Amino acid sequence: MSLAIVHSRALAGIEAPAVTVEVHLTNGLPALSIVGLPEAAVRESKDRVRSAILNSNFEFPRKRITINLAPADLPKEGGRYDLAIALGILAASGQIPAGTLDDYEFIAELALSGELRPVSGVLPASLACLKQQRTLCVTHENANEAAMPKAAKIIAGKSLLDVCSHLMGKNNLSFIPEEETLLSHDELDFLDISEVKGQQRAKRALEIAAAGAHNVLFIGPPGTGKTMLATRLPTLLPTLNDEEAIEVASIYSIHQKQGLKKIWKQRPCRSPHHTASAVALVGGGSNPKPGEISLAHNGVLFLDEFPEFDRKVLEVLREPLESGEIHISRAAQQVHFPANFQLIAAMNPCPCGYFGDGDRCTCTLDQVQRYRAKLSGPLLDRIDLHVEVSLLNKKIFLEEQKIEEAENSESIRQRVCIARELQYQRQQKNNANLNNRDINAYCKLTECSRILLNRAMENLNFSPRAYHRILKVARSIADLDQSDQIEEQHLAEAISFRALDRK
């Protein structure tokens, strides 16, 4: 048979569109051409494939070989098609049976010796392959990652010869069993909130943020514990469920070839430096890759020294904070990445950091205003809690704190889990993700609460978006108290966490 068809998968965002590798052999001068919008790495596969076939004791056909990667308008990149191309050539030349190929999909790069090498983005390919009810063939290094979806059929080989022996029925490759997948993880040592001295109000804000998945901005002088507090938020959050864990793992599967075991079911926490570019933050490139906001999906994005980020960089966060996703458009393709993250930011109140301290602060009013103007009003509106973190009393700081007496992360996380369970029973989503219709349905106020909020709107000049944010935070506070209604004290506490609006 001079025509063979092999199935593989491309990578477009977190999707894995099907790619059909068509190999046709004809008489003529020996040549090999690849069509179907291949990138440089794909075009170079012909040299890797030729050496791999010869070093695996097969014959490379001395004919004119045409390889089509369909669909032709989908860009192809990387060495992920090497194995499929090699098998297509061997099937078209009659060296392996072509009839068995239709039940499989193949993703692996080939070494010149014929050994298989791992590639990135195997998990999205495994999910797509499962829907088509095909068996996915990958390398041993990618096997555990590919087997993460339940009921996925995965076989793994070390070399091209292993795969060919399996297809010819001589030496069958065993399926990767479920018990070898990453269905469990070892708890990593984490920083506990009990290690933070004092700052009870800031700890309370973190608990509320964890309960409702709200965004937080800490404002205070240097050395008050803003970074310590922010880095301990992940310890208050519930463990990822299977669906959320697969979403996170799919993004990291694109980002890195291996190492998903370390982050399985762990809430991601990303903290880019303030010199990061807009592309590094939201993703992009000629072949778009996920940025920091997508790598923080279902987790925490911590931006320290918030005003030191370039203003244009911060403004790109506005749409993802509202929608929970990012769409990247390029001339060749448009991709979508999820970006449902909790933003935790920290900033000083002025350039020198000691605003209000007459002995230490040297900033003029104009300097303070210019410093705070780096953060736009629309961006601050999207942050639910503005929390002032003041300097600790020296007596409290110098006291020997007994960590075992302070409330630890585990006890707070138990209350957070109860509050989140109430939210999912009531509205099937976190309070931070409530839309306007949900707010009207689930954030009903008592008469006293309504009067209090109306006065706050008049006196503090809240925007409509800030109004909705206050209601969402008040709903989370009520959930922590396991209250069906938003009471006056819940609303008052939510209003108190709008520090920048009050100023």
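## The largest pocket

With five residues, α20 (464-480) gives the most to the lining of the largest pocket. Helices here are DSSP runs of H or I with at least four residues, strands are E runs of at least two, and both are numbered from the N terminus. Among the others that each supply at least two lining residues are α13 (318-323) and α17 (409-427).

About 730 Å³ of space lies in this pocket, and 34 residues line it, with L321, E322, N340, A432 and N433 nearest its centre. By class, the lining splits into eleven nonpolar, 13 polar and ten charged residues. A pocket is an open set of points on a 1 Å grid over the protein atoms alone, where a 1.4 Å probe fits, with protein on both sides within 12 Å along at least five of seven lines; lining residues have an atom within 4 Å of a point.

## About the model

This is a predicted model, with local features needing pLDDT of at least 70 and side-chain atom pairs 80 or more, while totals for chains, interfaces and linings use all residues. Numbering starts from 1 along each chain, and side-chain values use heavy atoms, leaving out hydrogens and water.

## R382

R382 belongs to the loop between α15 (377-381) and β18 (385-388). It's buried (under 20% relative accessible area, 1.4 Å probe, protein chains only), at 10%. Leaving aside residues up to four places away in sequence, R382 touches N215, R318, L321, E322, R465 and R469 (contact: heavy atoms within 4.5 Å).

## Arginines over rings

R360 lies over the face of Y354, 3.8 Å from the ring centre. Over F355 sits the charged end of R372, 5.2 Å from the ring's centre.

Notes
Lys NZ or Arg CZ within 6 Å of the ring centre and 35° of its normal. Buried < 20%, exposed > 50% of the residue type's maximum accessible area, 1.4 Å probe, protein only. Points joined across faces, edges and corners; volume = space filled by probe spheres on them. Nonpolar A, V, L, I, M, F, W, Y, C, P; charged D, E, K, R; others polar.
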